[in-house]
Amino acid sequence: QEILIPKKKTWDKLAVLQALSSTVNRDPTAAHYAFQDDPYLTPRTSSDFKLYSLSQESGRNAAKYIINTFPRFFKKDFAEPHIPCLMPETFEPQITEVSEAALQERISLRKVKAAVQVYDQLLQAGTAVSLEATNDLLDLICFYGDRDPVREDMPEQRESEEVEEIQEVMPSNKGRLRRASDLLGIVWRENNNAERIFNLMPERNERSYCALIRGMVKCGAYTKAFSTYTDLLNNRLTGKFNVANESIFTNPKIKTMTEKNCLLQDLLNQMGEQKVQPNLLTFNAVLKSLRKCGPLARVQAFHTLGEMKALGIEPSLATFHHLLGFFYKTASSGRGPTEILHEVMDEVEGKSFVAQDPDDVYFFSGAMKICLDLKDIELAYRLHRFLGEGDNWQLLGDSYLRSVYYGRFFNLLCMMENIDEILKWYRDLIPSLYYPNSQGLKDLLQALDTDNRLDLIPMIWKDIKRMGHANKADLVEEVLALMARDEHSSEVSASKTSATAGTIYVYPLGQRSLLVSKIGEILAWFRSVSQWGSSALCHACRSSRLSQKRGMLQLFKSSNRVPDVALFAEFVNFAKANNNSNQAVELVRLSAGFSLPITAGLASRVKEEFELTDQQKSSLGELEALTSDSSDSDEE
């Protein structure tokens, strides 16, 4: 066979970078690539990741602000070829006379108020404005909610304007607290510039109605949007599919569940009569609305999927996300969520998806939640392999959705896998992809306890301190409880004692993560502790060295905590093993100081099992008498 060599090969602009990227893999020990330039900004927790990401974006906005505010200092262009995005942007209009060209210039510069002012001046001068320019102005007003867009380098201006707008539009209801939802989004004002210009238009077409309807939906004016859509049909105009998608299907506030179902049927029939071709977003909007119509809508959901296949429309991840929502709520039905999710995975495996619907990013976290609830680890592995195929990882969502997905995956691993497999995933996911919270670390500690691998606790404790969770009371108490549970070898005991010292020192100091090797220094810093619970102190005492136990027992007294009764019996055994009568008498004195009911029995045991001096015997007799007097007064 003859081989034809092409005279010219056209390569993609990113071909070299794609070839280079295929030769390297992700480093599981490194943080996100966005923080590689500055090791100081390597995040340790999810909050650090968000804070450092916002700080980087704030730095970029500050640079943009300087360039755009003082463009005269950045006129020299060093780049060859010219890179427009690196040069100062033009924000001020250049055309000063009142004309349609000036109106188009202000629309292109996104100057909402200035464009409306020029439009009014044109009407006052008796100049007719073309339908195309008026529709462009309507698009601009409806997209930005009848206000000027805030520059990216001045985000604080956006927040202040939103609060002022909410206060102006919403009525002041005394005696009622404002809801958080009242302060979110853009409010559609009554008779705003969009409605005024729309009513002044001598001629309206489909685009005019579409712009107004989409603006109403974006600002939450659902009733007006539906009324405007009805006017569009009454004027015998054909609405585009995006009008139905945004103003009707995605709106659950127009009708009740039963009426919503009938409304969907009527609107679909109207689209068929008008020969409006639905697209992927139309079907996804139908599925999203059907989820609010009760369990009877499952049949219509499959009918919708059949219509998509008949039209040759490939579903997106949002389609499968809505489909799982039908059956996951009805797990008791014949077709349970397990079967549906397996069928969905059979359909999507081996494919690489791209973003086509805003709800695509909810598929992975929602599917992993089903795997977690069903405790199906094999299905979770299939889902995670599908995430790594092609560019599917880009549909995982923002940092919060990524944290939710990996948190559920790691929780399922801790419940279903052995400790060796868990640690393999632990090293692979942390810290390059996932920053576990305190609950994720508690799940890991429970997995160590289940597999009886408590010797790994010192290593996990170092990670806990590194990730900033050493000040979480429930997590610290869990670590101490595991370290104090069983006896270990001398090497492990030394390691866990060091970890205990770090725990006691770090926790009361809050953010100050200092380590001290000598227990005397720890006790000196620990005198004013007040937030430790009695159980945590008991665990700390049990997991400490024998020489440190007496000093640590004083912590109960300094922090106004009552120790466990069984702890004194253990300490007496330690004192007996070392033949230390002074320590035994001191334990009885401490028990009497806490007014514990075992004081008399503890004193009798010390008398029988230890060789005491006359002074020690008299001290024990006084403690026994004091205890008996207090018990008699309690009985009276």
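**Close-up views of a predicted all-residue chain model**

**View 1. Surroundings of F353.** Not counting residues up to four places away in sequence, F353 touches P315, S316, L317, F320, V348, F386, D391, N392 and L395. The model shown here and in the other views is predicted. F353 lies in the loop between α15 (337–348) and α16 (363–374). Its relative accessibility is 9%, so F353 counts as buried, the cut-off being under 20%. From F353 to E389 the C-alpha to C-alpha separation is 9.1 Å in space, although these two residues are 36 residues apart in sequence.

**View 2. Nonpolar cores of the chain.** The largest nonpolar core has 74 residues, of which F363, F364, L383 and F386 touch the most other members. Around F364, leaving aside its neighbours within four places in sequence, the contacts are L317, L383, F386, L387, N392, L395, L396 and Y405. A second, separate core holds 35 residues, including Y119, L138, I213 and L232. In soluble globular proteins, nonpolar side chains tend to be buried together.

**View 3. Packing of helix α19 on helix α20.** Two packed helices are described by the angle between their axes and the distance between the axes. Helix α19 (residues 419–429) and helix α20 (residues 438–450) have axes that come within 10 Å and cross at roughly 150°. This angle makes α19 roughly antiparallel to α20, since angles over 145 degrees are classed in that way. The crossing in which α19 passes α20 is left-handed. On the α19 side, I419, I422, L423 and Y426 take part, and they meet L444, A447 and L448 of α20. By residue class, the contact of α19 with α20 comprises seven nonpolar, no polar and no charged residues.

**View 4. Packing of helix α5 on helix α7.** The axes of helix α5 (residues 131–144) and helix α7 (residues 193–200) are 9 Å apart, and the two helices pack at an angle of about 160°. The pair α5 and α7 is therefore roughly antiparallel. Their crossing is left-handed. From α5, the residues T134, L137, L138, I141 and C142 meet N193, A194, I197 and F198 of α7. The residues of this contact between α5 and α7 divide into seven nonpolar, two polar and no charged. L138 of α5 is also among the members of the second core.

**View 5. Helix α3 and the residue just after it.** In helix α3 (residues 100–108), the buried residues are A102, L103, E105, R106 and I107. These buried residues of α3 pack against α4 (112–124) and α5. Just after α3, R110 takes a positive phi of about 60°.

**View 6. Helix α12 within the chain.** Helix α12 (residues 280–290) is largely enclosed by the rest of the structure, because nine of its eleven residues are buried. The buried residues of α12 are L280, T282, F283, N284, A285, V286, L287, S289 and L290. Across the chain, 42% of the 636 residues count as buried. The chain has 30 helices and zero strands. Among its contacts between residues at least 6 apart in sequence, 64% join residues at least 24 apart.

Notes:
Residues numbered from 1 in each chain as written. Predicted model: local features only at pLDDT ≥ 70, side-chain atom pairs only at ≥ 80, totals over all residues. Heavy atoms only, no water. Axes fitted to C-alpha atoms, helices over the stretch in contact; angles between N-to-C directions. Helix = DSSP H or I, 4+ residues; strand = E, 2+ residues; numbered from the N terminus. Parallel < 35°, antiparallel > 145°, perpendicular 65-115°, else oblique. Left-handed = near helix turned anticlockwise from the far one by under 90°. Contact = heavy atoms within 4.5 Å. Nonpolar A, V, L, I, M, F, W, Y, C, P; charged D, E, K, R; others polar. Core = buried A, V, L, I, M, F, W, Y, C linked by side-chain atoms within 4.5 Å. Buried < 20%, exposed > 50% of the residue type's maximum accessible area, 1.4 Å probe, protein only.
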